[in-house]
Protein chains: 2
Amino acid sequence: MLYVIGLGLSDETDISVKGLEAVKSCTRVYLEAYTSILMVDKGKLEAFYGKQVIVADREMVESESDKILEGAQEVNVAFLVVGDPYGATTHTDLVIRARELEIPVSVIHNASIMNAIGACGLQLYNFGQTISIVFFTETWRPDSFYERIKENRNLGLHTLCLLDIKVKEQSIENMARGRKIYEPPRYMTIQTAVEQLLEIEENRQENAYTPDTLAIGCARIGTATQQIVSGTLEELRHVDFGGPLHSLVLVGSRMHFLEAEFVKAYAVDKASFEKIAERDYHVKQ
Amino acid sequence: MLYVIGLGLSDETDISVKGLEAVKSCTRVYLEAYTSILMVDKGKLEAFYGKQVIVADREMVESESDKILEGAQEVNVAFLVVGDPYGATTHTDLVIRARELEIPVSVIHNASIMNAIGACGLQLYNFGQTISIVFFTETWRPDSFYERIKENRNLGLHTLCLLDIKVKEQSIENMARGRKIYEPPRYMTIQTAVEQLLEIEENRQENAYTPDTLAIGCARIGTATQQIVSGTLEELRHVDFGGPLHSLVLVGSRMHFLEAEFVKAYAVDKASFEKIAERDYHVKQ
């Protein structure tokens with residue numbers, strides 16, 4: 001059996017009781033560690049499970065899936081995923097490959113940012129499509145998600161923006177020279193995301209959003225140090241949200257007054273929030 | 001402390017290890033039992049927790065929240081929610097009331113249908129807003145969600161349809177006579193949802209979808225008897241999905257070929273699926 005097990009959002013105790021029992025039944029335990037990160041290190045997981053944990057990077061999952069699945073017709077193998085197995089990134093390749101090899105697959109779900117973002121006070125019902133913002137480089141400033149934001153905002157819907165994670169990236173020089181030397185991990189902050197968003201709007205001028213658009217910065221959702229701050233993009237640009245992981249929500253114009261009431265509790269500046277909620281979102285306080 | 005704890009999708013072992021520890025620290029444990037249902041009964045939860053569980057119906061949560069929160073400044077109180085606390089239904093009233101009473105609130109997340117629906121093979125990224133389909137009655141045939149579906153489908157996005165749950169409902173006669181006699185619980189099936197959807201389309205003729213629209217019926221997601229079947233709405237109308245809970249996904253025209261490949265594995269009729277995916281969704285097989 002291949003168990004694909006969601007670990008949830010924060011630490012080793014966010015696994016479900018069912019998931020933990022499954023891990024304990026497994027001969028090999030892999031941890032997917034390139035699309036998200038857990039807030040605890042591998043050693044803590046190993047101590048908690050009483051098992052060795054093999055870190056599976058993108059290379060391993062994409063090109064050595066048969067090694068991961070080896071013998072799973074007879075023994076149990078666990079593939080651990082931060083969040084939910086079907087959260088932002090699905091591991092359909094591995095599941096499809098397991099099906100081809102006639103290995104039974106059992107998925108054990110958990111929270112992911114895709115549902116836990118409800119903690120910001122907006123109703124999940126009122127979100128449109130989710131987008132991902134990637135780091136700008138000197139030469140590559142991708143903005144294809146801008147259309148998606150515009151689509152959501154034209155309908156008055158909220159937009160969850162997932163922010164880039166760079167784990168095990170090589171510098172261009174090291175890549176060119178074939179050196180397997182990796183850069184330290186980088187996690188996009190809400191500040192960077194806001195700056196990139198405003199730069200894109202300035203270039204495109206299609207009014208998908210403005211510096212006055214209300215947004216909610218969400219850091220370390222589901223952990224003990226969770227931080228939620230709402231305000232205009234311009235206001236959030238100056239807020240220090242601390243360590244990773246960060247996400248950003250752009251508030252849609254259909255914001256209900258009950259949503260507004262909840263979100264206002266997190267405002268950088270409640271008076272400014274009220275003013276803009278009334279002026280641009282037609283929310284009466 | 002008020003702990004608001006997600007129970008996940010299936011049985012007593014879907015609670016997280018962290019959630020279980022929190023429950024065990026609580027003086028009183030409430031189970032929210034009107035917006036969703038767990039697949040196990042209260043007795044099983046009580047045995048698993050070693051605690052009495054108080055079932056909180058809508059009446060209690062909406063009008064006796066202070067009773068639920070009583071003394072939570074000093075002792076721990078658990079409020080258990082099927083799925084995630086911020087899933088389809090949020091319990092913001094209770095959280096706002098706790099804040100007013102200066103009771104610390106800790107939310108322990110879990111899977112909800114809003115993220116576990118990824119199991120159907122479609123990417124969560126590509127979903128638009130979520131809608132709820134409620135039971136038609138002789139005199140009330142609500143269809144306000146039709147506009148929402150049209151908005152999603154005009155953008156090519158998938159639509160998650162949550163299906164009605166009627167728990168502790170009174171008949172009109174019993175309500176009129178003030179008799180607290182409740183009807184047996186009812187859960188909308190995928191078949192009923194499809195029939196209602198097609199009736200609405202027939203009346204409105206705005207082409208938000210047709211009997212040929214591809215959809216995915218998802219029953220008991222996250223449980224051992226999970227059932228996923230894809231096909232046209234007309235095909236799904238004739239599929240028996242067994243017991244509750246059921247959900248339905250309308251496939252948007254942006255379906256990626258990798259999504260199509262995964263979803264096709266669940267097709268009632270693979271040849272029909274391929275034909276329509278190519279004709280109406282421009283997916284080359």
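In the predicted model, the charged end of Arg186(A) lies over the ring of Phe135(A), 4.1 Å from its centre; a charge is taken to sit over a ring if NZ of Lys or CZ of Arg is within 6 Å of the ring centre and within 35 degrees of the ring normal. In chain B, the charged end of Arg186(B) sits over the ring of Phe135(B), 4.1 Å from its centre. Residues are numbered from 1 along each chain as its sequence is written, and chains are lettered from A in the order in which they are written. Local features of this predicted model need pLDDT of at least 70, side-chain atom pairs count only at pLDDT 80 or more, totals for chains, interfaces and linings use all residues, and side-chain values use heavy atoms, with hydrogens and water left out.

Over all chains, the structure holds six aromatic pairs (rings of Phe, Tyr and the six-membered ring of Trp, with centres within 6.5 Å; planes under 30 degrees apart count as stacked, over 60 as edge-to-face and the rest as tilted). The centres of Phe262(A) and Tyr266(A) are 6.1 Å apart and their planes stand at 55 degrees, so this pair is tilted. Phe262(A) is buried at 1% relative accessibility, where buried means under 20% relative accessible area, exposed over 50% and partly exposed in between (1.4 Å probe, protein chains only). Tyr266(A), at 18%, also counts as buried.

An unreviewed UniProt entry places the feature "binding site" at positions including Leu9(A) and Asp84(A); such annotations may be inferred rather than shown by experiment. Leu9(A) is located in the loop between β1 (2-6) and α1 (17-24) of chain A, helices (H or I, at least four residues) and strands (E, at least two) being DSSP runs numbered from the N terminus. With 16% relative accessibility, Leu9(A) is buried. Its contacts (heavy atoms within 4.5 Å), not counting residues up to four places away in sequence, include Ser112(A), Ile113(A) and, from chain B, His109(B).

Asp84(A) belongs to the loop between β4 (77-81) and α5 (92-100) of chain A and is buried at 2% relative accessibility. Among the residues that Asp84(A) touches are Ser112(A), Asn115(B) and Ala116(B).

No disulfides (pairs of cysteine sulfur atoms within 2.5 Å) are found over all chains. The sulfur of Cys120(A) is 5.0 Å from the closest cysteine sulfur, in Cys218(A), which is too far for a bond. Cys161(A) is likewise in no disulfide, the nearest cysteine sulfur, that of Cys218(A), being 10 Å away. Cys120(A) is buried at 0% relative accessibility, and Cys161(A) is buried with a relative accessible area of 0%.
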